[in-house]
There are 2 protein chains.
Amino acid sequence: MKIARIDTASRRVSYSSLPKELLPVGGRGLIARMMNEEVPADSYPLGGKNKLFICNGPLAGTHVSSAGRLSIGSRSPMTGGIKESNCGGTAADALAGVGLRALVLENLPEKDSPWMLIVVKEGDISFQPAEKYLGLGNYALSARLFEDFGKDFSLITVAQSAEREYLNAGIAITDMYGRQSRMAARGGLGTVMGTKRIKAILIDRKGTFRHEGVSSGAFREARKAFHQIVTSCDRISVLRDYGTASTVMDVQRLGALPTRNFSEGRFEGAETLSGEHIHDLIQERGGDGRNSEACMPGCIIQCSNVYPDRQGKEIVAPLEYETLCLMGSNIGIGDPDQVAEFNYICNDYGIDTIDAGGSLGVMAEAGLFDFGDFEAMKKALHDVPVGGFHGRLVGMGTGIAAKLLGVRRAPVVKNQCMSAYDPRGVKGTGITYATSPMGADHTAGLTVFMPVDHHDKTGQVEISRKMQVGRSAYDVLGLCAFLTAATAMRPDAVTAMLNSLYGLSLEPSFLAETGMETIRQEIAFNRAAGFTSRDDRIPEFFREEPLPPFNLTWDIDDEELDSIFD
Amino acid sequence: MKIARIDTASRRVSYSSLPKELLPVGGRGLIARMMNEEVPADSYPLGGKNKLFICNGPLAGTHVSSAGRLSIGSRSPMTGGIKESNCGGTAADALAGVGLRALVLENLPEKDSPWMLIVVKEGDISFQPAEKYLGLGNYALSARLFEDFGKDFSLITVAQSAEREYLNAGIAITDMYGRQSRMAARGGLGTVMGTKRIKAILIDRKGTFRHEGVSSGAFREARKAFHQIVTSCDRISVLRDYGTASTVMDVQRLGALPTRNFSEGRFEGAETLSGEHIHDLIQERGGDGRNSEACMPGCIIQCSNVYPDRQGKEIVAPLEYETLCLMGSNIGIGDPDQVAEFNYICNDYGIDTIDAGGSLGVMAEAGLFDFGDFEAMKKALHDVPVGGFHGRLVGMGTGIAAKLLGVRRAPVVKNQCMSAYDPRGVKGTGITYATSPMGADHTAGLTVFMPVDHHDKTGQVEISRKMQVGRSAYDVLGLCAFLTAATAMRPDAVTAMLNSLYGLSLEPSFLAETGMETIRQEIAFNRAAGFTSRDDRIPEFFREEPLPPFNLTWDIDDEELDSIFD
């Protein structure tokens, strides 16, 4: 298990072995450690001192279900703090197959240097010219790369948004079916890759590296036990049948569905955006449509879908909850066909649907177009690669768009748009938005599935802390967050796999410890980068404006927020 | 001497007496004290908890030369920190004449409340409807107000930029000749006034209030002695003959003249922008042109000019150094007629020429138009009241424009544009930009006239500290900074006036003490608002890019910056 460092200026590659203590630490944990050791906290995010870390977790490539999340990290152009953004797809396993825990893109080529591809094979990393792929979106780019290099690669790509150095440029990863639609979307990491003038990284999927421990009886037993816990979980079967869209009506009932730029908590079009409705539509329309699909090899959750048009032709895959809301209810759109089309466009141009939807919301509030005006918003999205007024507002994300337009009601923390839970109605998740070193981000500690009154602030700080630590641990291990519904209470099932795979003797408490340690390191980075407790705040308007229909306000004390990780 | 508090929601007015210890503390000092006591540091700058403080100094209305600066302060929408912006004109004296040291605009009217005027007479403050003046620029607005209310008022007005809540909206004040062209331009204070839905404040110039001490022999003697120091100063006569434009060739020689977005230190068109050339042009063209004019009653410096076109018709008055550079060399324009036209447009729409020029510079760097393209830039300026793409980029200022356009080379500190001294070439002023609680601002501590090597960092922190404290003291006292050329070494001449006027016994050290105390209070406010030492930094590119022709870089240690006020 090695780390490959790629100097994007000299194009030299060097390898180092992963120290033993880091064998069970991958993904977000490895990023937090390397960032603190190697990247000066005050370095310019788009400058030569910043690095891009691409890491898998310690269970990648071992046929553990949902253990192939790929974590990408850097100093974020969007938040200015440390960032880790992870996604499914095939790259994490492919990286493990060529014997790597991490790729580190370092340095910066000289201005006007040609853009390059990086081809990663087992023991061989090479550069190839990329000029002919410039200007392509993720879908056309991946098609061309598969044509030119063959299909045995997992691709890590950036689109026009990164070429334009937008703050809302993400990185796309190939899924199981060759779609370039898995996005490490948040925090502008695509632009960090773009500044290093790398258009794509191709990782050979035919690598032969395997951990010795994979074939041991102990590991196989542990893996089997883990899978049994997952398959017996009710919540997991909901995800399989209805995907993340199943959450729409839950949050609608809570009155916390971001609607028309977070001004209401229920949307009159929620039912047509709901998991139930989408499930039925997919079934009716048939054709390419799928209600259940895995995004990574061997995943038994299979929460993804393929959303087809009326003729059964795929519009986008997958169509997920956060997009249905940020590019649906939040901008006054209730037609899932329209949301799906927006989703495809965002994937193609490489922009995060959450921050793009947030931008469209503040643009509507500023009067650039009406909420629900599909055509005007589509035009704005298609302006993203062009770099015009509306395209830049979308491309730079919600916070900057709100600043330029003078919209006070910017639903951002650390300049990153909130996801699809109004913090007034799901208070624990609001606490996560405020205090996570990642900026507003549900994946850093979603609380909505806890059996508590989400309108009541009592005990929510503790809930958010637990969820943040738990999610952090899973991000360190490259495990999909959706597993937690089944396995959160069984850290022993995870350490059993790590121990048998690597010959370790970790206690079950390792998960909480590594989760917390990672958050501490991230906070240390952010503090060194100039963040203070003032950055751990939900915008004032959430405190001032009661959210219909339950007239909820944001009422968590700042002191409570500041002591969450004490 | 009273403070009048105006609740802009209830339209109630209340008065309080100035406590004795604040008799010699006005302007910036009073603002720093009241801000810390009354405005929560985390309040939204455009919200109801923020206040707008309009203060004169303790010598206003006493016929002391250049003692009628009007200080306007608030939590700045532009920087997010405390802000004091001061200007000449007639309002400070008028305010003293109606017995006031300060007007405080408090609270916020309900959304969609009608805009109002505030008419301030001796012992009587009333509201008048302002709807008919909406949409007017400062020049047309003042003309209409003089028509409707008579000419015996000094006007404090906001233009379209404030109605649109731009971050770069300033406040205009009437000069000696009825021109609405004296600007408290920086930091977006016009927008704070606009959020309170006040289009103009009319202050009666016929107020009869006089301090008892004014007619005392001791005061008259002290004033006379002060004036003698001023009139005998060589630098003051340069300012009288050539105005602030006299600085152009000094800074050109230093290789520190911001040129094409701070990418060069000398501009090929500097000579046509120079004070000498402008002086001769004004003389040749005659007509309305004036090389020397006072901006406030009784000023013996008279540094202002009236700049006429080829036909002798006034284009703008005054045309000053910072504008000649930020809207000249910094955007590749060498024709003073063009700069004068831009200046007029900015005054009319109520935007700061420094941050507007900074915006145009980053817009040119981003390729929206070429440097020197007068017509394209004029179009962008005329788009300010319209609120289109280019207009908003100008209206929101350099920092936000750079963010939206992805221009790294944003010459800002605390989101405020640097003025016309490249920090690499005038290092002491760079230190002021970095460390002043006001953001990048030469008026907070200009060092360029000190007889030292401005390229050499040695001792510059100490020089900046002294200048910052000295400037702060003058801002507290409502004294024009240009006096310092003559009187900086004679604080006794100032305290002699204060003592005889108010029956005090201040030591000459009072100036340094009140200057430092004010800065300390400002820093305390900013710290409470979330600022850290990371905000006291010159952007990284000044360290990385050597500035032609002397290949200077920014080389002040961060530790030195952080200890400047220890």
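H211(B) sits in the loop that links strand 12 (198–204) to helix 6 (217–231) of chain B. With a relative accessible area of 11%, H211(B) falls under the 20% cut-off, so it counts as buried. Keep in mind that this is a predicted model.

**Around H211(B)**
- Setting aside neighbours within four places in sequence, H211(B) is in contact with M1(B), P58(B), T62(B), L501(B) and Y502(B).

**Helix 17 of chain A**
- This helix spans residues 427–435, and nine of its nine residues are buried.
- Among those buried residues are K427(A), I431(A) and Y433(A).
- They pack against strand 16 (412–413), helix 18 (460–477) and helix 23 (558–562) of chain A.

**Nonpolar cores**
- The largest nonpolar core holds 170 residues, and L360(A) and L360(B) touch the most other members.
- Leaving out neighbours within four places in sequence, L360(A) is in contact with M327(A), I331(A), F369(A), M377(A), A380(A), L381(A) and V394(A).
- Apart from that core there's another one, of 57 residues, including V25(A), I31(A), V230(A) and A294(A).

**Where chains A and B meet**
- Chain A puts 21 residues into the contact, and chain B puts in 21 residues.
- About 2,200 Å² is buried between the two chains, with carbon and sulfur atoms giving 58% of it.
- Y44(A), L404(A) and R534(A) supply 28% of the area chain A buries against chain B, more than any other three residues.
- There are three salt bridges between the chains; one of them joins the side chains of R534(B) and D42(A) at 3.2 Å, N to O.
- On the side of chain A that touches chain B, helix 15 (389–396) and helix 16 (398–405) each supply at least two residues.
- That side of chain A divides into nine nonpolar, five polar and seven charged residues.

How values were computed: Residues numbered from 1 in each chain as written. Chains lettered and ligands numbered in written order. Predicted model: local features only at pLDDT ≥ 70, side-chain atom pairs only at ≥ 80, totals over all residues. Heavy atoms only, no water. Helix = DSSP H or I, 4+ residues; strand = E, 2+ residues; numbered from the N terminus. Buried < 20%, exposed > 50% of the residue type's maximum accessible area, 1.4 Å probe, protein only. Contact = heavy atoms within 4.5 Å. Core = buried A, V, L, I, M, F, W, Y, C linked by side-chain atoms within 4.5 Å. Buried area = accessible area lost by both parts, 1.4 Å probe. Salt bridge = Lys/Arg side-chain N within 4 Å of Asp/Glu carboxyl O. Nonpolar A, V, L, I, M, F, W, Y, C, P; charged D, E, K, R; others polar.
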